[in-house]
Amino acid sequence: MAKMGTSSRVAAAIVVVLGIVLSLAVVCNGGKTSSFVRKVEKAVDMPLDSDVFKVPPGYNAPQQVHITQGDQLGKAVIVSWVTVEEPGSNTVLYWSAYSKKQKSEGKVTTYKFYNYTSGYIHHTTIRNLKFNTKYYYVVGIGHTERQFWFITPPEVGPDVPYTFGLIGDLGQSFDSNKTLTHYELNPQKGQAVLFVGDLSYADIHPNHDNVKWDTWGRFTERSVAYQPWIWTAGNHEIDFAPELGETKPFKPYTHRYHVPYKASQSTAPFWYSVKRASAYIIVLSSYSAYGKYTPQNQWLGKELPKVNRSETPWLIVLMHSPWYNSYNYHYMEGETMRVMYETWFVKYKVDVVFAGHVHAYERTERISNVAYNIVNGICIPVKDQSAPVYITIGDGGNLEGLATNMTEPQPAYSAYREASFGHATFDIKNRTHAYYGWHRNQDGYAVTADSMWFFNRYYHPVDDSTSAQ
Ligand SMILES: [Fe+2]
């Protein structure tokens, strides 16, 4: 090795010291790393004979019933279910206290995945519903009928209160069941779930055992048959398995979970938007191309200017892979998408971004990192009141277990982080205020372990940080 001269050694030492000072300036004075320590136990899948997976009785009884928003405004609902013995009827019979019984007709599909053949998967869209109305609906007509209900959202408007639940990376372990129970019994009463991806985790079982998609559908029915879950695709939805001859990504997911992507002029079900009450929700795909000139990029570029904040003040973005994540899991996986889109999020003043993927909880302050231009070297997250708050809520409870290992020290922008399973609610009060609360599964149903009052970025863009930095 060549010897360094004294002057170059001094210069090198100065660079090292400067580097340390600079990096300390960036990473010190973080927010709160919770002292709550969860008992370390492995997440275990519930056995196939668990009551939550029970097949409903009766010939060809509909199972895995689930609903999601069926248009952009909330006047339509997509009803989906699976029959096993034979296709049966695609009809949904529905009515409200103020209307006669009506019928809507849908379609049935099946798919094969390696050695698995699906049941008959039905999707029927009910349209022209009245806002803010309770509807009853029946599926399984002609064989075993099952009845459910849902409540349509209020008409879109700037001061319409609405409560969203937030669940991610749910899976089907005993912990997943606790998360869902806590969500259902939370006195905040979520009216629709924003689901940030990774549904069944079928793909981590031998041959991507698609029976696990069926059990997950039966497990979640108790919530999603009664209120819409807005779907985001995660990496466990990709199901790309060339070793099994399965080379079409997202095959089980797209057959089972339909979304109203065409209503927002999207060309694929992985990125789309819906309006609900006073919120505009943009769903993005971490696992579809998002670079310049790609369909998702073109769509988002046209979509953001369309958001009319005087109609829907709250701009919420869902994605699977987080951009700001200080856990040592999936570290920087969201970085390339952040580089592509963060400037837009700041420009259009996104209120909050919810992501999953990391099996833990984290909330950031409002920060951005958009000054870098290759030559200026400015690549530090800084406080930015035009930027969203980033929340990682991948703590649904799946089999893969918790992410417990965090980068230290906690970055300055990270307001709160904790490795516990749980869920959250985002409770919009009016055009200026929303109350956000995160709930860990070990607490009582009404307890919030982390909370924040959100001030709307369009109507009330004052500093709403929760730390004193
Ligand atoms: Fe994931």
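**Exercise 1. Is Glu418 buried or exposed, and what surrounds this residue?**

Step 1: Glu418 has a relative accessible area of 1%, so it is buried (buried is under 20%, exposed over 50%, partly exposed in between, with a 1.4 Å probe and protein chains only). A word on the source: this is a predicted model, where local features need pLDDT of at least 70, side-chain atom pairs count only at pLDDT 80 or more, and totals for chains, interfaces and linings use all residues. Residues are numbered from 1 along each chain as its sequence is written, and side-chain values use heavy atoms, leaving out hydrogens and water.

Step 2: Skip the neighbours within four places in sequence, and Glu418 touches Ser34, Phe36, Tyr327, Ala360, Tyr361, Met406, Trp438 and Arg440 (contact means heavy atoms within 4.5 Å).

**Exercise 2. Which residue forms a salt bridge with Glu311, and where do the partners lie?**

Step 1: The partner is Lys275, with the closest N and O atoms 3.0 Å apart (a salt bridge is a side-chain nitrogen of Lys or Arg within 4 Å of a carboxyl oxygen of Asp or Glu).

Step 2: This pair links distant parts of the chain, 36 residues apart: Glu311 is in the loop between helix H5 (295–306) and strand S17 (314–318), while Lys275 is in strand S15 (residues 272–276).

Step 3: Check the cover. Glu311 is at 26% relative accessibility, so it counts as partly exposed; Lys275, at 13%, is buried.

Step 4: Now look at another pair. Arg440, already met as a contact of Glu418, has a salt bridge to Asp443 at 2.9 Å, N to O, and both Asp443 and Arg440 are buried.

**Exercise 3. At what angle do helices H2 and H3 pack, and which residues meet?**

Step 1: Helix H2 (residues 174–185) and helix H3 (residues 211–224) pack at about 10 degrees, with axes 10 Å apart (axes are lines fitted to C-alpha atoms over the stretch in contact, and angles run from 0 to 180 degrees between N-to-C directions).

Step 2: H2 and H3 are therefore roughly parallel (under 35 degrees; over 145 is roughly antiparallel, 65 to 115 roughly perpendicular, the rest oblique).

Step 3: On the H2 side, Ser176, Asn177, Leu180, Thr181, Tyr183 and Glu184 meet Phe219, Thr220, Arg222 and Ser223 of H3.

Technical notes:
Helices (H or I, at least four residues) and strands (E, at least two) are DSSP runs, numbered from the N terminus.
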